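Please keep the sequence and the model in view while reading.

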Amino acid sequence: MLIKNGTVVTGSDTFAGDVLIENGVITRIGVNLTADGVQVVDASGKLVLPGAVDVHTHFDLDVGIATAVDDFYTGTVAAACGGTTTIVDHMAFGPAGCNLGHQVARYHELAGGKAVIDYGFHGVIQHVNDDILAEMEPLVGEGITSYKLYMTYGHKLEDADILRVMARIKELGLIVSAHPENDGTIAYFKGVFHKAGLFAPEYHAKSRPFHCESEAVNRLLLFSEMLGDVPLYVVHLSNSLGLEYCKQARQRGLRRVFVETCPQYLFLNEELYTREDGLKYIMSPPLRDKSHSDALWRGIELGDVQTIGTDHCPFNFATDKQRGAADFAMCPNGAPGVEMRLPLMYSEGVAAGRISVNLLVSLCATNPAKLFGLYPRKGAIAPGSDGDVVILNPNARRTVSKKDMHENVDYSPYEGFELAGRIDAVVSRGELIVKDNIFVGEKGRGKFMRRSKPITQI
(Lines give C-alpha, C1' and ligand atoms only; values in the text may rest on other atoms or scores of the structure.)
Protein backbone atom coordinates (compact mmCIF):
# COMPACT_ATOMS: atom_id res chain seq x y z
CA MET A 1 0.00 0.00 0.00
CA LEU A 2 1.17 3.51 -0.83
CA ILE A 3 -0.49 6.33 1.11
CA LYS A 4 0.12 9.53 -0.84
CA ASN A 5 -0.21 13.28 -0.40
CA GLY A 6 -1.16 13.29 3.27
CA THR A 7 0.12 15.22 6.26
CA VAL A 8 2.11 12.68 8.27
CA VAL A 9 1.98 13.18 12.04
CA THR A 10 4.22 11.58 14.66
CA GLY A 11 4.72 12.39 18.33
CA SER A 12 7.38 14.93 17.38
CA ASP A 13 6.94 15.93 13.73
CA THR A 14 4.34 16.99 11.17
CA PHE A 15 5.23 16.97 7.48
CA ALA A 16 3.80 16.44 4.00
CA GLY A 17 4.73 13.04 2.68
CA ASP A 18 3.94 9.57 1.38
CA VAL A 19 4.12 6.29 3.29
CA LEU A 20 4.95 3.00 1.58
CA ILE A 21 3.96 -0.24 3.32
CA GLU A 22 5.32 -3.56 2.04
CA ASN A 23 4.59 -6.98 3.54
CA GLY A 24 2.78 -5.28 6.40
CA VAL A 25 5.73 -3.07 7.40
CA ILE A 26 6.53 0.58 6.63
CA THR A 27 9.54 0.60 4.32
CA ARG A 28 9.80 4.17 3.06
CA ILE A 29 8.58 7.66 3.94
CA GLY A 30 9.18 10.53 1.54
CA VAL A 31 7.68 12.74 -1.15
CA ASN A 32 6.56 11.71 -4.62
CA LEU A 33 7.11 8.04 -3.81
CA THR A 34 6.20 5.46 -6.43
CA ALA A 35 6.00 1.69 -6.37
CA ASP A 36 4.73 -1.00 -8.72
CA GLY A 37 1.82 -3.29 -7.94
CA VAL A 38 0.63 -1.53 -4.81
CA GLN A 39 -2.73 -0.22 -3.66
CA VAL A 40 -2.59 3.60 -3.74
CA VAL A 41 -4.59 5.56 -1.15
CA ASP A 42 -4.92 9.30 -1.71
CA ALA A 43 -4.76 11.16 1.61
CA SER A 44 -4.83 14.69 0.18
CA GLY A 45 -6.02 17.21 2.75
CA LYS A 46 -5.97 14.57 5.48
CA LEU A 47 -3.85 13.62 8.49
CA VAL A 48 -1.91 10.35 8.45
CA LEU A 49 -1.49 9.18 12.05
CA PRO A 50 0.00 6.05 13.64
CA GLY A 51 -2.65 3.51 14.58
CA ALA A 52 -3.73 4.24 18.15
CA VAL A 53 -2.80 1.91 21.02
CA ASP A 54 -5.29 1.33 23.85
CA VAL A 55 -3.64 -0.37 26.81
CA HIS A 56 -6.77 -0.45 29.00
CA THR A 57 -9.64 -2.60 27.77
CA HIS A 58 -11.81 -5.26 29.43
CA PHE A 59 -13.19 -7.53 26.72
CA ASP A 60 -15.16 -10.60 27.86
CA LEU A 61 -14.76 -9.45 31.48
CA ASP A 62 -16.76 -11.61 33.89
CA VAL A 63 -17.50 -9.68 37.10
CA GLY A 64 -19.64 -12.39 38.66
CA ILE A 65 -23.02 -10.68 38.28
CA ALA A 66 -22.53 -9.85 34.58
CA THR A 67 -20.11 -10.22 31.68
CA ALA A 68 -18.92 -7.34 29.52
CA VAL A 69 -20.94 -7.49 26.30
CA ASP A 70 -18.00 -6.89 23.95
CA ASP A 71 -15.91 -9.95 23.23
CA PHE A 72 -12.63 -9.91 21.35
CA TYR A 73 -14.45 -9.74 18.02
CA THR A 74 -17.01 -6.99 18.61
CA GLY A 75 -14.64 -5.08 20.87
CA THR A 76 -11.76 -5.03 18.42
CA VAL A 77 -14.05 -4.15 15.51
CA ALA A 78 -15.23 -1.15 17.53
CA ALA A 79 -11.64 -0.29 18.43
CA ALA A 80 -10.60 -0.44 14.77
CA CYS A 81 -13.46 1.80 13.66
CA GLY A 82 -12.29 4.29 16.28
CA GLY A 83 -8.72 4.33 14.96
CA THR A 84 -7.19 1.88 17.43
CA THR A 85 -5.04 -0.81 15.83
CA THR A 86 -3.57 -2.45 18.97
CA ILE A 87 -5.03 -3.17 22.40
CA VAL A 88 -3.61 -4.60 25.61
CA ASP A 89 -6.42 -6.15 27.62
CA HIS A 90 -6.67 -6.44 31.39
CA MET A 91 -7.46 -10.06 32.10
CA ALA A 92 -10.19 -10.94 34.59
CA PHE A 93 -9.59 -12.84 37.81
CA GLY A 94 -9.45 -16.59 37.48
CA PRO A 95 -10.56 -19.29 39.91
CA ALA A 96 -9.40 -18.82 43.49
CA GLY A 97 -5.83 -20.02 43.91
CA CYS A 98 -5.05 -20.32 40.18
CA ASN A 99 -1.57 -19.60 38.86
CA LEU A 100 -0.73 -16.72 36.53
CA GLY A 101 -0.59 -18.90 33.45
CA HIS A 102 -4.18 -20.06 33.92
CA GLN A 103 -5.65 -16.74 32.84
CA VAL A 104 -3.08 -16.25 30.09
CA ALA A 105 -4.18 -19.55 28.56
CA ARG A 106 -7.84 -18.68 29.06
CA TYR A 107 -7.46 -15.33 27.33
CA HIS A 108 -5.64 -16.87 24.37
CA GLU A 109 -8.78 -19.00 23.97
CA LEU A 110 -11.03 -15.93 24.18
CA ALA A 111 -9.06 -13.79 21.72
CA GLY A 112 -7.68 -16.30 19.23
CA GLY A 113 -9.68 -16.46 16.01
CA LYS A 114 -11.75 -13.43 17.03
CA ALA A 115 -9.56 -10.32 17.38
CA VAL A 116 -9.37 -8.21 14.23
CA ILE A 117 -6.46 -6.04 15.40
CA ASP A 118 -3.25 -6.95 17.20
CA TYR A 119 -3.49 -7.52 20.94
CA GLY A 120 -1.68 -8.34 24.16
CA PHE A 121 -2.57 -9.12 27.77
CA HIS A 122 -1.62 -7.60 31.11
CA GLY A 123 -0.97 -10.19 33.78
CA VAL A 124 -3.29 -10.11 36.80
CA ILE A 125 -2.23 -10.74 40.40
CA GLN A 126 -5.05 -12.00 42.62
CA HIS A 127 -2.99 -13.61 45.38
CA VAL A 128 0.68 -13.62 46.29
CA ASN A 129 3.02 -16.41 47.30
CA ASP A 130 6.51 -17.57 46.31
CA ASP A 131 5.19 -19.64 43.40
CA ILE A 132 3.31 -16.68 41.92
CA LEU A 133 6.36 -14.43 42.18
CA ALA A 134 8.56 -17.11 40.58
CA GLU A 135 6.10 -17.63 37.70
CA MET A 136 6.38 -14.01 36.60
CA GLU A 137 9.84 -14.51 35.08
CA PRO A 138 9.05 -17.27 32.55
CA LEU A 139 5.92 -15.38 31.47
CA VAL A 140 8.15 -12.51 30.31
CA GLY A 141 9.20 -14.81 27.47
CA GLU A 142 5.53 -15.21 26.56
CA GLY A 143 5.10 -11.45 26.25
CA ILE A 144 3.53 -10.70 29.64
CA THR A 145 5.63 -7.72 30.78
CA SER A 146 3.12 -5.80 32.90
CA TYR A 147 0.89 -6.71 35.82
CA LYS A 148 -2.32 -5.36 37.31
CA LEU A 149 -3.33 -5.64 40.95
CA TYR A 150 -6.34 -4.37 42.84
CA MET A 151 -6.60 -2.40 46.07
CA THR A 152 -10.35 -3.05 46.30
CA TYR A 153 -12.81 -5.73 45.08
CA GLY A 154 -12.82 -9.40 46.01
CA HIS A 155 -9.22 -10.23 45.17
CA LYS A 156 -7.70 -7.06 46.59
CA LEU A 157 -4.14 -7.29 47.87
CA GLU A 158 -2.99 -6.12 51.26
CA ASP A 159 -0.08 -3.72 51.52
CA ALA A 160 2.58 -6.32 52.33
CA ASP A 161 1.67 -8.31 49.21
CA ILE A 162 1.60 -5.16 47.06
CA LEU A 163 5.14 -4.45 48.21
CA ARG A 164 6.23 -8.02 47.37
CA VAL A 165 4.81 -7.70 43.86
CA MET A 166 6.34 -4.27 43.28
CA ALA A 167 9.76 -5.45 44.44
CA ARG A 168 9.55 -8.38 42.00
CA ILE A 169 8.41 -6.05 39.19
CA LYS A 170 11.48 -3.88 39.74
CA GLU A 171 13.77 -6.93 39.84
CA LEU A 172 12.44 -8.18 36.48
CA GLY A 173 12.38 -4.76 34.77
CA LEU A 174 8.61 -4.80 34.21
CA ILE A 175 5.85 -2.27 35.01
CA VAL A 176 2.99 -2.51 37.51
CA SER A 177 -0.43 -0.91 37.57
CA ALA A 178 -3.07 -1.02 40.26
CA HIS A 179 -6.72 -0.13 40.62
CA PRO A 180 -6.22 2.61 43.24
CA GLU A 181 -9.13 2.98 45.65
CA ASN A 182 -9.11 2.64 49.44
CA ASP A 183 -11.27 -0.42 50.15
CA GLY A 184 -12.01 0.54 53.76
CA THR A 185 -13.27 3.97 52.73
CA ILE A 186 -15.67 2.44 50.22
CA ALA A 187 -16.99 -0.07 52.75
CA TYR A 188 -17.54 2.66 55.34
CA PHE A 189 -19.47 5.02 53.07
CA LYS A 190 -21.52 2.25 51.49
CA GLY A 191 -22.57 1.24 55.00
CA VAL A 192 -23.48 4.82 55.91
CA PHE A 193 -25.63 5.31 52.80
CA HIS A 194 -27.30 1.93 52.98
CA LYS A 195 -28.19 2.47 56.62
CA ALA A 196 -29.75 5.81 55.67
CA GLY A 197 -31.74 4.19 52.85
CA LEU A 198 -29.80 5.98 50.10
CA PHE A 199 -29.47 3.66 47.11
CA ALA A 200 -29.63 5.95 44.05
CA PRO A 201 -26.75 6.08 41.50
CA GLU A 202 -25.43 9.36 42.89
CA TYR A 203 -24.46 7.52 46.09
CA HIS A 204 -22.13 5.30 44.11
CA ALA A 205 -20.04 8.42 43.49
CA LYS A 206 -20.45 9.68 47.06
CA SER A 207 -19.29 6.31 48.42
CA ARG A 208 -16.05 6.62 46.44
CA PRO A 209 -14.95 10.26 46.98
CA PHE A 210 -11.84 11.51 45.22
CA HIS A 211 -9.92 11.28 48.51
CA CYS A 212 -10.48 7.51 48.41
CA GLU A 213 -8.75 7.24 45.04
CA SER A 214 -6.05 9.78 45.89
CA GLU A 215 -5.04 8.05 49.11
CA ALA A 216 -4.51 4.79 47.26
CA VAL A 217 -2.53 6.54 44.51
CA ASN A 218 -0.29 8.19 47.09
CA ARG A 219 0.22 4.89 48.90
CA LEU A 220 1.45 3.30 45.65
CA LEU A 221 3.77 6.23 45.03
CA LEU A 222 5.24 5.93 48.50
CA PHE A 223 5.68 2.18 48.05
CA SER A 224 7.54 2.84 44.80
CA GLU A 225 9.72 5.37 46.57
CA MET A 226 10.47 2.96 49.44
CA LEU A 227 11.55 0.31 46.94
CA GLY A 228 13.69 2.65 44.83
CA ASP A 229 11.52 3.92 41.95
CA VAL A 230 9.50 0.92 40.79
CA PRO A 231 7.95 1.54 37.33
CA LEU A 232 4.35 2.45 38.18
CA TYR A 233 1.45 3.11 35.82
CA VAL A 234 -1.52 4.81 37.50
CA VAL A 235 -4.64 3.70 35.64
CA HIS A 236 -7.82 5.72 34.97
CA LEU A 237 -6.93 8.71 37.14
CA SER A 238 -10.04 10.83 37.71
CA ASN A 239 -9.09 13.60 40.09
CA SER A 240 -6.83 16.58 40.71
CA LEU A 241 -5.41 15.53 44.10
CA GLY A 242 -4.16 12.20 42.79
CA LEU A 243 -2.59 14.03 39.87
CA GLU A 244 -0.87 16.43 42.26
CA TYR A 245 0.50 13.50 44.28
CA CYS A 246 2.00 12.04 41.08
CA LYS A 247 3.51 15.38 40.15
CA GLN A 248 5.03 15.77 43.62
CA ALA A 249 6.47 12.24 43.47
CA ARG A 250 8.26 13.04 40.22
CA GLN A 251 9.59 16.24 41.78
CA ARG A 252 10.97 14.12 44.65
CA GLY A 253 12.90 12.02 42.16
CA LEU A 254 10.55 9.23 41.05
CA ARG A 255 11.20 9.16 37.31
CA ARG A 256 9.14 6.10 36.43
CA VAL A 257 5.65 7.17 37.48
CA PHE A 258 3.17 7.43 34.61
CA VAL A 259 -0.43 8.62 34.58
CA GLU A 260 -3.32 7.47 32.43
CA THR A 261 -6.67 9.20 32.32
CA CYS A 262 -9.71 8.36 30.19
CA PRO A 263 -12.18 10.34 28.07
CA GLN A 264 -15.01 9.84 30.57
CA TYR A 265 -13.10 11.84 33.17
CA LEU A 266 -12.42 14.61 30.68
CA PHE A 267 -15.86 14.91 29.05
CA LEU A 268 -18.44 13.66 31.59
CA ASN A 269 -19.22 14.76 35.15
CA GLU A 270 -21.01 13.57 38.27
CA GLU A 271 -24.23 15.45 37.52
CA LEU A 272 -25.10 12.58 35.19
CA TYR A 273 -25.77 10.36 38.20
CA THR A 274 -28.90 12.35 39.02
CA ARG A 275 -30.46 11.67 35.60
CA GLU A 276 -33.11 9.04 35.08
CA ASP A 277 -30.50 6.95 33.25
CA GLY A 278 -27.80 7.56 35.85
CA LEU A 279 -27.01 3.85 36.06
CA LYS A 280 -25.28 4.14 32.67
CA TYR A 281 -22.45 6.07 34.31
CA ILE A 282 -21.69 3.79 37.26
CA MET A 283 -17.98 3.08 36.94
CA SER A 284 -15.03 3.04 39.31
CA PRO A 285 -13.54 5.44 39.96
CA PRO A 286 -16.74 7.42 39.46
CA LEU A 287 -17.23 10.60 37.48
CA ARG A 288 -16.18 13.78 39.30
CA ASP A 289 -17.17 17.44 39.15
CA LYS A 290 -15.85 19.64 36.36
CA SER A 291 -12.98 21.06 38.43
CA HIS A 292 -11.28 17.68 38.27
CA SER A 293 -11.76 17.46 34.51
CA ASP A 294 -10.20 20.90 34.16
CA ALA A 295 -7.23 19.82 36.27
CA LEU A 296 -6.73 16.69 34.16
CA TRP A 297 -6.74 18.77 30.98
CA ARG A 298 -4.09 21.03 32.52
CA GLY A 299 -2.11 17.91 33.41
CA ILE A 300 -2.30 16.75 29.80
CA GLU A 301 -1.15 20.12 28.50
CA LEU A 302 1.75 20.29 30.98
CA GLY A 303 2.91 16.72 30.45
CA ASP A 304 1.81 15.39 33.84
CA VAL A 305 -0.54 12.89 32.12
CA GLN A 306 1.26 10.57 29.72
CA THR A 307 -1.47 8.42 28.18
CA ILE A 308 -5.18 8.24 27.39
CA GLY A 309 -6.80 4.83 27.82
CA THR A 310 -10.46 3.89 27.76
CA ASP A 311 -11.16 1.34 30.53
CA HIS A 312 -13.70 -0.01 28.05
CA CYS A 313 -15.97 -2.25 30.12
CA PRO A 314 -19.49 -2.29 28.63
CA PHE A 315 -22.70 -3.58 30.22
CA ASN A 316 -26.13 -3.14 28.66
CA PHE A 317 -28.26 -0.46 30.26
CA ALA A 318 -31.55 -2.26 29.59
CA THR A 319 -30.49 -5.43 31.39
CA ASP A 320 -27.13 -5.58 33.21
CA LYS A 321 -27.19 -2.05 34.59
CA GLN A 322 -30.75 -2.52 35.89
CA ARG A 323 -29.34 -4.81 38.57
CA GLY A 324 -28.54 -1.55 40.33
CA ALA A 325 -32.02 -0.05 40.03
CA ALA A 326 -32.78 -0.62 43.70
CA ASP A 327 -29.20 -0.42 45.00
CA PHE A 328 -26.21 1.25 43.32
CA ALA A 329 -23.90 -1.35 44.87
CA MET A 330 -25.48 -4.09 42.73
CA CYS A 331 -24.81 -2.35 39.41
CA PRO A 332 -21.89 -3.76 37.39
CA ASN A 333 -19.16 -1.13 37.16
CA GLY A 334 -18.01 0.06 33.76
CA ALA A 335 -18.85 1.93 30.58
CA PRO A 336 -18.04 1.69 26.86
CA GLY A 337 -15.47 3.92 25.19
CA VAL A 338 -13.01 2.01 22.97
CA GLU A 339 -14.55 3.42 19.78
CA MET A 340 -14.64 7.08 20.78
CA ARG A 341 -11.22 7.78 22.33
CA LEU A 342 -9.36 9.09 19.27
CA PRO A 343 -12.36 11.00 17.78
CA LEU A 344 -13.08 12.70 21.12
CA MET A 345 -9.46 13.59 21.79
CA TYR A 346 -8.96 14.96 18.29
CA SER A 347 -12.12 17.08 18.39
CA GLU A 348 -11.97 18.39 21.94
CA GLY A 349 -8.19 18.38 22.21
CA VAL A 350 -6.63 19.25 18.86
CA ALA A 351 -9.49 20.99 17.02
CA ALA A 352 -10.45 22.87 20.19
CA GLY A 353 -6.89 24.19 20.52
CA ARG A 354 -6.09 22.50 23.82
CA ILE A 355 -3.29 20.24 22.56
CA SER A 356 -1.19 19.79 19.44
CA VAL A 357 -1.81 16.93 17.05
CA ASN A 358 1.66 15.65 17.95
CA LEU A 359 0.68 15.43 21.62
CA LEU A 360 -2.45 13.55 20.59
CA VAL A 361 -0.25 10.95 18.89
CA SER A 362 1.99 10.71 21.96
CA LEU A 363 -0.96 10.25 24.33
CA CYS A 364 -2.92 7.75 22.25
CA ALA A 365 -0.21 5.85 20.40
CA THR A 366 3.49 6.42 21.05
CA ASN A 367 3.61 6.65 24.84
CA PRO A 368 1.39 3.61 25.53
CA ALA A 369 3.39 1.63 22.97
CA LYS A 370 6.66 2.53 24.71
CA LEU A 371 5.44 1.88 28.23
CA PHE A 372 4.01 -1.52 27.39
CA GLY A 373 6.71 -3.04 25.22
CA LEU A 374 5.21 -2.45 21.77
CA TYR A 375 7.44 0.34 20.42
CA PRO A 376 8.73 0.88 17.74
CA ARG A 377 6.69 -1.86 16.10
CA LYS A 378 3.55 -0.02 17.21
CA GLY A 379 2.78 3.63 17.93
CA ALA A 380 5.03 5.04 15.22
CA ILE A 381 5.18 5.90 11.54
CA ALA A 382 8.78 5.00 10.74
CA PRO A 383 10.66 2.54 8.55
CA GLY A 384 10.47 -0.86 10.23
CA SER A 385 7.27 -0.11 12.14
CA ASP A 386 4.13 -2.08 11.41
CA GLY A 387 1.95 -0.50 8.73
CA ASP A 388 -0.73 0.63 11.21
CA VAL A 389 -2.15 3.94 10.01
CA VAL A 390 -5.21 6.12 10.58
CA ILE A 391 -6.32 8.57 7.90
CA LEU A 392 -8.33 11.37 9.50
CA ASN A 393 -10.22 14.14 7.71
CA PRO A 394 -9.83 17.27 9.87
CA ASN A 395 -12.46 19.20 7.89
CA ALA A 396 -15.35 16.78 8.35
CA ARG A 397 -17.77 16.74 11.27
CA ARG A 398 -19.87 14.05 12.90
CA THR A 399 -22.54 13.67 15.55
CA VAL A 400 -22.05 10.74 17.90
CA SER A 401 -24.94 8.30 17.58
CA LYS A 402 -25.19 4.75 18.87
CA LYS A 403 -26.75 3.68 15.57
CA ASP A 404 -23.50 4.49 13.75
CA MET A 405 -21.25 2.70 16.23
CA HIS A 406 -19.90 -0.84 16.45
CA GLU A 407 -19.66 -1.46 20.19
CA ASN A 408 -22.00 -4.30 21.20
CA VAL A 409 -23.55 -2.30 24.05
CA ASP A 410 -26.96 -0.60 23.90
CA TYR A 411 -25.85 3.00 24.57
CA SER A 412 -23.01 5.47 24.18
CA PRO A 413 -22.09 7.85 27.02
CA TYR A 414 -21.30 10.43 24.33
CA GLU A 415 -24.60 10.32 22.45
CA GLY A 416 -25.24 13.61 20.65
CA PHE A 417 -21.71 14.99 20.99
CA GLU A 418 -20.82 17.18 17.98
CA LEU A 419 -17.26 16.38 16.93
CA ALA A 420 -14.77 17.97 14.56
CA GLY A 421 -12.86 15.53 12.40
CA ARG A 422 -13.73 12.09 11.05
CA ILE A 423 -11.77 8.89 10.56
CA ASP A 424 -11.92 7.99 6.88
CA ALA A 425 -9.76 4.86 6.84
CA VAL A 426 -7.82 2.55 9.15
CA VAL A 427 -4.94 0.35 8.00
CA SER A 428 -3.52 -2.55 10.03
CA ARG A 429 -0.24 -4.10 8.90
CA GLY A 430 -0.78 -2.69 5.44
CA GLU A 431 -4.34 -4.00 5.12
CA LEU A 432 -7.32 -1.66 4.83
CA ILE A 433 -9.68 -2.79 7.59
CA VAL A 434 -11.98 0.25 8.00
CA LYS A 435 -13.34 2.44 5.23
CA ASP A 436 -15.89 5.22 5.87
CA ASN A 437 -16.88 3.72 9.25
CA ILE A 438 -17.44 0.25 7.79
CA PHE A 439 -15.28 -2.65 8.98
CA VAL A 440 -13.95 -4.43 5.90
CA GLY A 441 -11.35 -6.71 7.50
CA GLU A 442 -11.55 -10.36 8.49
CA LYS A 443 -12.49 -11.88 11.81
CA GLY A 444 -9.46 -13.36 13.59
CA ARG A 445 -6.82 -11.46 11.58
CA GLY A 446 -5.37 -9.89 14.74
CA LYS A 447 -2.08 -11.26 16.07
CA PHE A 448 -0.97 -11.75 19.66
CA MET A 449 1.88 -9.39 20.51
CA ARG A 450 4.69 -10.82 22.62
CA ARG A 451 5.52 -7.56 24.31
CA SER A 452 9.06 -6.63 25.31
CA LYS A 453 10.01 -4.85 28.51
CA PRO A 454 8.85 -1.25 28.99
CA ILE A 455 10.65 1.81 27.73
CA THR A 456 10.34 4.18 30.69
CA GLN A 457 12.17 7.17 29.23
CA ILE A 458 9.32 9.11 27.63
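## An enclosed helix

Helix 1 spans residues 74–81, and since eight of its eight residues are buried, this helix is largely enclosed by the rest of the structure. Here, buried means under 20% relative accessible area, exposed means over 50%, and partly exposed lies in between, for a 1.4 Å probe and protein chains only. Helices (H or I, at least four residues) and strands (E, at least two) are DSSP runs numbered from the N terminus.

The buried residues of helix 1 are Thr74, Gly75, Thr76, Val77, Ala78, Ala79, Ala80 and Cys81. Their cover includes strand 7 (84–90), strand 15 (418–428), strand 16 (431–435) and strand 17 (438–439), where contact means heavy atoms within 4.5 Å. After helix 1 comes glycine 83, which has a positive phi near 90°.

## Basis of the model

The model is predicted: local features need pLDDT of at least 70, side-chain atom pairs count only at pLDDT 80 or more, and totals for chains, interfaces and linings use all residues. Residues are numbered from 1 along each chain as its sequence is written, and side-chain values use heavy atoms, with hydrogens and water left out.

Eight strands form an open sheet with parallel pairing, in the order 6-7-8-9-10-11-12-13. Two strands pair if DSSP finds at least two bridges between them. Strand 6 (52–57) and strand 13 (307–308) stand at the edges; each has a single partner strand, so one side of each is left without a neighbour in the sheet.

Strand 12 (residues 257–261) pairs with strand 13 in the parallel sense over two bridges, and glutamate 260 stands opposite threonine 307 of strand 13. Helix 8 (residues 240–251) packs on the sheet, where it touches strand 11 (232–234) and strand 12, and its direction makes about 160° with that of strand 12. Axes are lines fitted to C-alpha atoms, for helices over the stretch in contact, and angles run from 0 to 180 degrees between N-to-C directions.

## Pairings of strand 5

Strand 5 (residues 47–50) runs parallel to strand 1 (residues 2–9), to which two bridges join it. In this pairing, valine 8 stands opposite valine 48. With strand 14 (residues 389–399), strand 5 pairs in the antiparallel sense over four bridges, and leucine 47 stands opposite leucine 392.

## Two packed helices

Which angle do the axes of helix 11 and helix 12 make where they cross? The axes of helix 11 (residues 341–351) and helix 12 (residues 357–371) cross at roughly 150° and come within 10 Å. The two helices are therefore roughly antiparallel to each other; angles under 35 degrees count as roughly parallel, over 145 as roughly antiparallel, 65 to 115 as roughly perpendicular and the rest as oblique.

In helix 11, Arg341, Leu342, Met345, Tyr346 and Val350 meet Val357, Leu360 and Cys364 of helix 12.

## Backbone features in loops

Serine 284 and proline 285 are joined by a cis peptide bond with omega about 0°. Proline 285 lies in the loop between helix 9 (263–267) and helix 10 (290–302). A cis bond, with omega near 5°, also leads from tyrosine 375 to proline 376, and proline 376 lies in the loop between helix 12 and strand 14.

Arginine 429, in the loop between strand 15 and strand 16, has a positive phi near 50° although it is not glycine. Arginine 429 is buried, with a relative accessible area of 16%.
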